[in-house]
Amino acid sequence: MTRPPLYVRFQGTTRSPRGHYPGVFALANTLAREGRLSRDEYRFWRAANDWYDTNYPNPSDTDPTVYDPDVNPGAVAWFKSTAHHLISRVDGYLTVLAGHGVGCERVETGDPGRIVYEDDVQVVAAPRAW
């Protein structure tokens, strides 16, 4: 019997200038920052971001260097597969991104890389070979 993946990530299908694939939240935040969301999309985005901010920790609040490209090059966040209450709410973001032609995919793995941060629902990991 195959074990389920331990980590889940929703990421863009195009690399960023820094060389990694931006996550679903960064992609949606970019659309909002650029003023590209409709009124309804903006309301969804704002409410969903507020919900996530309330319901799970921001790794940068614990360790401001967690995403620092000099300290942890290529570091990205992964949900733990047991965080169903967080993963299930990503669909709305995927709908918004698809409506703007922004490619996004679900990636699952048992080895996200060198873990530089961990809490009950997520890890931040840097690739082993960057």
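Axes are taken here as lines fitted to C-alpha atoms, for helices over the stretch in contact, with angles running from 0 to 180 degrees between N-to-C directions. Helices (H or I, at least four residues) and strands (E, at least two) are DSSP runs, numbered from the N terminus. The model is predicted, and local features need pLDDT of at least 70, side-chain atom pairs count only at pLDDT 80 or more, and totals for chains, interfaces and linings use all residues. Residues are numbered from 1 along each chain as its sequence is written, and side-chain values use heavy atoms, with hydrogens and water left out.

Two packed helices are described by the angle between their axes and the distance between the axes. For helix α1 (residues 24-33) and helix α5 (residues 91-99), the axes come within 10 Å and cross at roughly 50 degrees. α1 is therefore oblique to α5 (angles under 35 degrees count as roughly parallel, over 145 as roughly antiparallel, 65 to 115 as roughly perpendicular and the rest as oblique). This crossing of α1 and α5 is left-handed, a term used if the near helix is turned anticlockwise from the far one by less than a right angle, with right-handed used if clockwise. On the α1 side, Val 24, Phe 25, Leu 27, Ala 28 and Leu 31 meet Tyr 93, Leu 94, Val 96 and Leu 97 of α5, contact meaning heavy atoms within 4.5 Å. By class, nine nonpolar residues make up the contact of α1 with α5, with no polar and no charged ones (Ala, Val, Leu, Ile, Met, Phe, Trp, Tyr, Cys and Pro count as nonpolar, Asp, Glu, Lys and Arg as charged, and the others, Gly among them, as polar).

Helix α5 also packs with α2, at an angle of about 145 degrees and with the axes 10 Å apart. The crossing of α2 and α5 is left-handed. Here Glu 41, Phe 44, Trp 45, Ala 48, Asn 49 and Tyr 52 in α2 meet Gly 92, Tyr 93 and Val 96 in α5. The residues of this contact divide into six nonpolar, two polar and one charged. Asn 49, found in helix α2 (residues 39-55), is buried, with a relative accessible area of 10% (buried means under 20% relative accessible area, exposed over 50%, partly exposed in between, with a 1.4 Å probe and protein chains only). Leaving aside neighbours within four places in sequence, Asn 49 is in contact with Asn 29 and Tyr 93.

In strand β2 lies Trp 78, which counts as buried at 9% relative accessibility. Leu 6, in the segment before β1 (7-12), counts as partly exposed at 35% relative accessibility.
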